[in-house]
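Hello,

Here is the structure I promised to pass on to you. My notes on it follow below, with the cut-offs spelled out.

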Amino acid sequence: MDKYPKRLALLMLLMLVPFSAVAVGAVQVADMLAGLGGDAVVTGMAPKTSLHLLVHTPGDQTIPVSFTTDANGAAQVHIGGNSVLRAGRYDVSIVNDALQERTRATFNVLPDRVDANASQITIDRLRIAADGRSEATTTVILRDRFGNAVPGRPVELVSSLAGARIQPIMGAETDAQGRESFAISSQQAGMITLRALDLLSDTQLTATVTLIAGNGPGAMGADTLPYNFEGMNAAPTQNPYATALGYSPNIPAYGAPSTVFRSYAQSPFAADVLTGNNGGNQGTGIIDHFVLQVSPQTLKTGEVANVTVTAINGAGQTGDSYTGTVNIFSPTDPNATVPGLTGTKGMGVFTFTPKNLGVKFLPLSIAFSEPGQQTLRVEDRTDPQHVIRGEVTVTVSGQTIIDEQHRIEVLFPTQNGSVNTGEFAVTGIGPRYANLQVRIVGGAQDVFDGTSDKDGHFSISVKLRTDAESGMLRVQDEAGKYQSRDVDFTFDITPPHLDAMTFAPAKPHEGETVQLTVLTEPKADVHMKLQNQDFGLVESVSTPGTYQVSFTSPAVGDQRQLDLQPDIIAKDAAGNVTDVRVPLTIVKKGLTKVENVTAIPRANAVELHWNSVPDAAAYRVYAGEDQMNLSAIETKTALTGAIVSGLRAGTTYQFAVTAVQGDRESEEKSDFVSATVLGLKLEVLEQEGALQLNWVLPDATPLSSFQLEVGTEPDQYTEKFLLNGSIQTYILHDLLNGVLYHVRLTPITTQGDVRSDLAATSQGTPQTNLAGFHPTPGENLTFDPNQFAPPDTLHAAAPATPSTGVPTVAWWIAAAVAVGLGVMQWQWRKKRRAQRFLEFMQSKYHS
């Protein structure tokens with residue numbers, strides 16, 4: 001019988017255990033940049049289940065995102081960029097429709113890049129003594145475009161006065177609050193304008209501060225800025241401008257009137273000294289824009305905040321003498337109220353007076369009715385051609401506050417929004433459990449009925465006529481007590497067009513920062529999906545319709561390059577979607593360029609040397625007779641030299657070298673070098689019964705002669721000739737046509753050295769239409785042999801040759817002997833020639 005109390009105790013114990021202790025599933029969110037957004041990956045949930053992702057911001061705001069798991073119980077939920085504008089640690093939790101928590105995770109949002117306008121520069125005093133010891137402290141606060149502090153950034157402070165000394169106080173980089181402080185001193189008198197520069201991005205801050213260094217009256221015990229900007233007489237703790245931003249009363253925030261100087265009691269001047277006007281800055285014409293500060297910076301709906309408005313002139317300084325009437329309103333929250341300011345509903349009006357010195361403090365002046373990122377704007381519309389504007393973005397949390405007259409608020413479609421289908425649901429919030437009617441005017445049916453739930457939320461289906469292009473709707477309760485504002489909308493089924501999609505650089509290296517630019521219609525939602533990552537593009541404020549995002553190119557891996565096709569997705573206000581794939585090639589980053597390549601000519605080769613390249617495993621040598629037609633030869637090791645052999649003697653070659661490591665190679669070849677290969681460059685021109693030899697010897701070695709060898713077999717030369725060392729051409733006569741002759745030409749120096757290493761070989765075949773041997777024609781005679789010489793009368797008186805001497809018969813006998821000997825000699829030579837020819841043929845065919 002005691003089992004029932006045990007079961008009851010076990011049940012009570014389970015009820016005491018938090019539900020998160022028995023939560024199931026998991027959610028993972030990677031860190032992201034402020035304003036860019038990202039995805040939450042949900043796993044381990046029940047399949048096909050409707051769940052809610054709750055994003056808990058550092059400002060205690062909760063942003064819900066609904067989703068449905070797939071058949072595997074997983075989902076990828078996108079967290080929009082507007083949900084992560086504030087840097088810090090975020091919590092996410094998954095809950096079901098009954099708000100029971102399933103799992104929880106955390107992620108970090110990092111600040112965006114430094115923004116020149118949102119960053120601040122302050123100074124704690126207005127004047128120092130020019131003695132090198134008196135100091136003023138300047139503080140630079142780096143912020144991104146969303147107002148997040150940017151830590152870990154080196155900052156440089158630049159002075160307009162050459163004699164000013166600037167010494168960092170806090171360290172080399174900004175601290176966790178994005179601050180870096182400097183001590184300013186000077187031994188030179190004068191006005192010091194200080195500008196701040198973010199060194200990593202080379203961004204100069206828009207704001208500046210001014211300091212006076214002097215040795216006159218009032219120089220010692222220099223002014224600080226403890227004044228109330230309305231009356232300039234309040235205690236330091238009442239400085240609304242500094243207090244609003246959470247700074248010390250003596251360190252005003254950017255925009256404080258750092259150019260206002262109060263005279264001292266011992267000074268002969270009774271009035272305030274206003275700098276920066278130069279006598280010509282009166283009136284509104286010199287004001288360029290307004291700077292707004294809201295305190296507190298994070299509000300809840302209905303909470304009233306203080307606003308400080310500072311007039312800034314074209315030089316970036318406070319417009320001390322500005323007077324004018326200014327409107328204040330919220331373009332994103334028409335129901336925002338401006339307590340204490342006259343004007344129409346949602347619009348306040350205030351005036352700058354001379355005593356404001358360009359800074360107007362508006363206590364309890366704004367209360368927002370809508371949660372989210374809201375914009376507060378001020379405008380001086382005195383001159384329609386030169387409207388002076390300023391605005392600030394404020395984070396508002398809490399529930400929407402609905403005006404009593406309009407207790408029903410339409411969430412979709414939005415005012416002047418679009419729908420992309422003829423059947424859609426009108427959603428909103430109003431009285432709980434109310435019977436509601438949607439009345440549509442313009443191209444649609446008249447009335448559609450629906451009800452609100454226990455929280456006042458409603459979703460009522462409506463249907464437009466087929467010819468509808470636009471319409472106006474109003475939601476009211478059945479009794480007609482409450483109604484919404486009229487909502488104008490358009491019917492848009494045309495997908496957004498993508499005019500251009502460009503990557504810069506067009507072919508990036510792995511790990512390189514790439515910027516994507518997309519041109520499409522304004523106010524679209526543009527994303528890029530690349531390798532399971534989603535990148536949200538941000539629309540340019542100055543050029544609507546231009547969207548950009550920067551990302552890091554992925555790793556290539558073992559390949560030489562990686563060809564990708566990221567999806568570019570554009571969604572307009574009506575929900576029409578255009579999805580286009582664009583090619584993107586990521587290349588592996590090449591090795592550095594090889595430097596200092598030298599070429600030394602050798603016999604039939606060239607010796608190369610170069611400087612080593614880090615990470616190179618080998619080198620690739622490019623060689624050729626011209627730079628447009630090269631052959632590649634790769635070394636097997638990382639030696640910084642190579643000999644390219646097998647080159648033609650006397651020929652000039654071009655060389656370049658690259659470093660190699662696997663698939664990686666130097667991005668560009670080394671500078672080209674050239675060298676002419678040592679040795680004879682022998683050319684053979686074939687002629688009839690002859691070969692003409694032409695040669696060139698680039699070497700400057702003095703020669704005495706050339707040894708020419710000729711034969712009909714390779715490396716077997718039967719005849720040798722010695723040629724003059726100064727000639728460069730020679731003709732071999734009396735050769736057999738159709739027979740291949742081999743020749744070798746070897747230079748011989750004046751010292752008698754036979755340079756076999758510089759020898760050149762070649763071959764050629766005498767060409768003619770007639771086969772066999774054809775002797776070279778003899779030279780033409782210079783006289784006619786048939787014409788006898790004229791009689792010689794020069795020695796006509798000389799005595800006649802005596803008749804005595806050798807008898808005539810002796811002459812005949814001598815002649816006969818000579819003829820016989822000649823015939824014998826001819827027969828012997830004929831026999832000898834036949835014998836040599838036989839030996840030659842035998843050696844040719846039987847060797």
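**What turned up**

Ile 813, Val 817, Leu 821 and Met 824 make a nonpolar surface patch of about 420 Å². Patch members have over 30% relative accessible area and no salt bridge, with nonpolar side chains joined within 5 Å and like charges within 9 Å; a salt bridge is a side-chain nitrogen of Lys or Arg within 4 Å of a carboxyl oxygen of Asp or Glu. Areas are Shrake-Rupley values with a 1.4 Å probe.

This is a predicted model, where local features need pLDDT of at least 70, side-chain atom pairs need 80 or more, and totals for chains, interfaces and linings use all residues. Residues are numbered from 1 along each chain as its sequence is written, and side-chain values use heavy atoms, without hydrogens and water.

Val 817 counts as partly exposed because its relative accessibility is 45% (buried is under 20%, exposed over 50%, partly exposed in between).

Now the rings: there are 13 aromatic pairs (centres within 6.5 Å; planes under 30 degrees apart are stacked, over 60 edge-to-face, the rest tilted). Phe 503 and Phe 551 pair edge-to-face, at 6.3 Å between centres and 85° between planes. Phe 503 is in strand S35 (residues 500-504) and Phe 551 in strand S40 (residues 546-552), so the pair ties together parts 48 residues apart in sequence. Both Phe 503 and Phe 551 are buried.

Best wishes

Note on methods: Buried means under 20% relative accessible area, exposed over 50%, partly exposed in between (1.4 Å probe, protein chains only). Rings of Phe, Tyr and Trp (its six-membered ring) pair if their centres lie within 6.5 Å; planes under 30 degrees apart count as stacked, over 60 as edge-to-face and the rest as tilted. Helices (H or I, at least four residues) and strands (E, at least two) are DSSP runs, numbered from the N terminus.
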